[in-house]
Amino acid sequence: MTTPTQQTQAALRARLTDGSLAGNWTLNPAQSTAVLRSKSMWGLTSVKGVFRDLEGSGTVSAAGEITGAIALPTGSLDTKNSKRDTHLRSADFFLSEKYPAITFSVGTIVPASEGVTISGTLTVRDSSRPISFPATVALTGDNEMVLDATVQVDRSEFGLTWNKMGMVSMNNAITIHAVLTRS
């Protein structure tokens, strides 16, 4: 017996193969969210920030190949603490003035048993690293799809090593809810 997730993934594979998803897809920022979470105070407190702006687009070829990118403008990160937000935009972290966005460029999206596996390149400041993560994709109409993922990131791999008295975790999670519409 197949599960609803397996049925959904089978439908996604079929639609990628038959070309019915081919076209240009644009991220709808009004319906999409990106949240950054980190532990502070030696893991006792969770800090959450929301990227108020996000951009993205992708293309699905007739053969089912997918390309695309998502950008999270670092100047739009809002943790509800203006002093912390200013510090996050500084040279200690994102250096937003010189590097205005965190970007992810899609390399491949491969259907998996419980969703898809997305691989590509994550760029923070001037460091780019390959990364892969699981995600779910839901086709909510002929011209709309929803992608949900939580990406674990070790910020030290991108040169973001500021850590007063070891209080702030190097491990962060970026949770994406991306609603894409076909144009």
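1. Start with the surroundings of S127. Sequence neighbours within four places are set aside here. Beyond them, S127 is in contact with L122, E157 and F158. Keep in mind that this is a predicted model.

2. Where does S127 lie? It lies in strand β9. That strand covers residues 127-141, and S127 carries the number that opens this range.

3. Is S127 buried or exposed? S127 has a relative accessible area of 15%. Buried means under 20%, so S127 counts as buried. Across the chain, 38% of the 183 residues count as buried.

4. Next, the overall make-up. The chain has two helices and eleven strands. From the N terminus on, the order is α-β-β-β-β-β-β-α-β-β-β-β-β.

5. Now the contacts of the chain as a whole. Take those between residues at least 6 apart in sequence. Of these, 55% join residues at least 24 apart.

6. The chain exposes about 9,800 Å². Carbon and sulfur atoms supply 56% of that area.

7. Which parts of the chain have the lowest and highest confidence? Helix α1, residues 4-18, is lowest, at a mean pLDDT of 70. Strand β1, residues 23-27, is highest, at 97. For the chain, the mean pLDDT is 86, and 85% of its residues reach 70 or more. Where pLDDT is low, the predicted coordinates should not be read in detail.

Terms used. Residues are numbered from 1 along each chain as its sequence is written. This is a predicted model: local features need pLDDT of at least 70, side-chain atom pairs count only at pLDDT 80 or more; totals for chains, interfaces and linings use all residues. Side-chain values use heavy atoms; hydrogens and water are left out. Helices (H or I, at least four residues) and strands (E, at least two) are DSSP runs, numbered from the N terminus. Buried means under 20% relative accessible area, exposed over 50%, partly exposed in between (1.4 Å probe, protein chains only). Contact means heavy atoms within 4.5 Å. pLDDT is the predictor's confidence in each residue, from 0 to 100. Accessible areas come from the Shrake-Rupley method with a 1.4 Å probe; for residues, only the protein chains shown count as cover.
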